[in-house]
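Student: I have a structure open and want to learn to read it. Where do I start?
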Amino acid sequence: MLKINNIHAQIEEGAEILKGINLEIKPGEIHAIMGPNGSGKSTLSSVIAGKEDYEVTQGEISFENEDLLEMGPDERAHKGIFLSFQYPVEIPGVTVTNFIKTSINETRKAQGLEEMGASEMLKLIRANAEKLGIRKDFLSRSLNEGFSGGEKKRNEIFQMMMLNPKLAILDETDSGLDIDALRIVADGVNAFRNENNAVLVITHYQRLLDYIVPDFVHVLNDGKIIKTGGKELAHELEARGYDWVIEEAAV
Amino acid sequence: MGIASHYTASSLQQYIKKMIDLKENLVSRHLVFNEKSSKNKWIDDLRHEAIELFDQKGFPRKKDEEWKYTNLAPLLKTDYKLFPESEEISVGYQDVKQYFIHDIDSYNIVFVNGIYSSYLSNTTHEEADICVLSSAMNRMMYQAVIENYYGKIADKNESMVSLNTAFFKDGAYIYIPDNVILSKPVQLMFFSTAHESEVLYHPRNLIVLGNNAQAHIIERHQTLNAKSNLTNSVTEIHVGKNTELDYYKIQNDALEASLIDNTFIEQERDSRVAVQTFSFGGKLTRNNLNFKQKDENCNSILNGVTVIAGKQHVDHHTLVEHTAPHCESHELYKGIYDEQAHGVFNGKVYVHSEAQKLNAFQQNNNVLLTNQAVIDTKPQLEIFADDVKCSHGCTVGQLDDSALFYMQQRGIPKKEAEALLLYAFAAEVLEHVQIPQIKQRITKLIALKLGVNIDFDL
């Protein structure tokens, strides 16, 4: 599904942040990327999603055998890539409902599908809001404006469920969540996943991985994946920190 | 300074010469005009007085403080006709239907090439007088109202007002008696179809609302022939006690045409007046909007949305004069400027010493989409009372890149994402539009202007 081959990226005319990343994600898989602050985790998610601030200097990324780097962020979204933002952006004057309506219909338009009817949309909104314990009045508020950290993250997962992407990248979706909110978010992700889609979880903490159980755990350090293992690697990192992996890789 | 920076010294001299030429020309043509149209001595005297005043003052120049950011000189190179040579009107309703808010029932007062079109109009003398100023002036029964208000509300000393007074031929006459809640809105439409030359139009409207009355009025000026016409319009409005008026100016004229709108409103006690100006079209648009609150507990609302591009220029020049206690004014103008567009906001709030317990709010927010777009924003408060609450603010910003990326990530293409953000920015102003069909129309015009086909419906 997603193939990342030797990707190098930098902030425009700045220092190199990603220094040769290789990663393949297949349908039905859950991958986790862990790593210390500044290791390039968020840069990787931005590069996959197509943020213009980053310049890819080398390497390829393909998604379902199409060259992703040639596409704008909206086209990547139309292909089924979803990024749950670490810091969701506030958009005053646009309500949650209208945003998701526009988002779904622009995506359907790009995919050559009919717009979704109002009643079907409403049903879908209700069903997903209920799963995430989102109150009705929340949906008519301006997107992310004045939302608490937990509300913002829950709203990201709500949008993910509405858009039903093929690949969901969760960028530190767990930071700032209390344990109840974390469970709700994880339940949402687990309800979403199936054998045809995939999830890439980017996190600092092993805690989330108790709820969203990964098939692979990758350790990212200084712009490179230095170790890959199963879910037990996450526990080991939690217990022992990152230094031992970094030392091991240096040898 | 402004002129000199745009033109060389010799072309500057030419400009000034042309300005003088047009002025001299207008003054000399007035003699002939007045003899032809003369019917009413009192009006004639006012015309006479006005042309003398215009002769002394001439057109506003950039060195005039009130015209610092808007340069009329390029418009004054043209040798305008005062009236189209052929007065034949051949406009069918289908040709102009799109300019009306046509999905509501309304009274319509329509002028084509400065001349009243009874065919396109729908006037009344039943619940109110909604008709034509020129004929009202010649009828005894309207004499009292006209003599009370005509020429008394507008500032005679403004040279553009005096030019209008000197040359106006026609306009709307609206009189809403006491206790009348007007059953439907009034649409004032001024079309220009004359194609043989550029025309300088002088529409003149007199609108008088009695006590405990209510009305909605929509005004629009539209050039249909791609001519560089100039309209210098004057509207005088008197609003009686405890009366409400909602006035909408929809400015989406052809990109060749220019408008100088001079609107003067006086309010009696307990009245509420909202003027909402939507400026999308035209080459140069100057809105001189003046409110005078004459008594206690008046509320004035001034709202505007401007969306312009190319080399368009829109100047909102507002004045709210508070003379009595317990009054309010609320002013909110938002502007979106693309390419080399130039916006001006100059909002003056003048608080007399008697105007205690005032609550005055003024806000001007702008988005510049390019490095070439310009906004000059100048709030002015002159306060001579000591127990008042006045606030003002202005902002100039650009679109937020991180918001755009966020929206694109959710599948919304960049152009639509930009439009959505800009619409959301302007939407606060639209909340005050009371008639849904007008709101829909404005929303459509904004989408059109932003080049997207999305249903904002926020």
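This is a predicted model: local features need pLDDT of at least 70, side-chain atom pairs count only at pLDDT 80 or more; totals for chains, interfaces and linings use all residues.

Student: What helices and strands does chain A have?

Tutor: Chain A holds ten helices and twelve strands. Its C-alpha trace spans about 60 × 40 × 35 Å along the principal axes.

Student: How much of chain A counts as buried?

Tutor: Count neighbours. A residue is buried if 20 or more other C-beta atoms lie within 10 Å of its own. In chain A, 42% of the 251 residues pass that test.

Student: And what share of the contacts in chain A join residues at least 24 apart?

Tutor: Take the contacts between residues at least 6 apart in sequence. In chain A, 71% of those join residues at least 24 apart.

Student: Now sheets. How do strands hold together in one?

Tutor: Strands of a sheet pair through backbone hydrogen bonds, parallel or antiparallel. Chain A has an open sheet of four strands in the order 2-1-4-5, paired antiparallel. Look at its edges: strand 2 (16–25) and strand 5 (66–67) of chain A each pair on one side only.

Student: How many bridges join strand 1 and strand 4 of chain A?

Tutor: Eight bridges join strand 1 (residues 2–11) and strand 4 (residues 54–63) of chain A, in the antiparallel sense. Opposite A:N5 stands A:E60, in strand 4 of chain A.

Student: Is helix 6 of chain A mostly covered or mostly uncovered?

Tutor: Helix 6 of chain A is mostly covered, with eleven of its 15 residues buried. Among them are A:K152, A:R154, A:E156, A:I157 and A:F158.

Student: What do the buried residues of helix 6 of chain A pack against?

Tutor: Their partners are strand 6 (81–84), helix 3, helix 4 (118–131), strand 9 (167–171) and helix 7 (179–192) of chain A. Then look just past the end of helix 6 of chain A: there A:N164 takes a positive phi of about 45°.

Student: How do I read the contact between chain A and chain B?

Tutor: Count residues on each side. Chain A gives 22 residues and chain B gives 19 residues. On the chain A side, helix 2 (73–79), strand 7 (91–95) and helix 3 (96–110) each supply at least two residues. Helix 3 of chain A gives the most, with six residues. By class, that side of chain A has ten nonpolar, nine polar and three charged residues.

Student: How is chain B divided?

Tutor: Chain B splits into domain 1 (83–408) and domain 2 (409–458). Their C-alpha centres lie 23 Å apart. The contact between them takes 29 residues from domain 1 of chain B and 24 residues from domain 2 of chain B.

Student: Which element gives the most on the domain 1 side?

Tutor: Helix 8 of chain B does, with six residues. The domain 1 side that touches domain 2 of chain B divides into 20 nonpolar, six polar and three charged residues.

Note on methods
Residues are numbered from 1 along each chain as its sequence is written. Chains are lettered from A and ligands numbered from 1 in the order in which they are written. Two residues are in contact if their C-beta atoms, placed from the backbone, lie within 7 Å. Ala, Val, Leu, Ile, Met, Phe, Trp, Tyr, Cys and Pro count as nonpolar, Asp, Glu, Lys and Arg as charged, and the others, Gly among them, as polar. Two strands pair if DSSP finds at least two bridges between them. Domain bounds come from an automatic or database domain assignment. A residue is buried if 20 or more other C-beta atoms lie within 10 Å of its own, exposed if 12 or fewer, and partly exposed in between; C-beta atoms are placed from the backbone.
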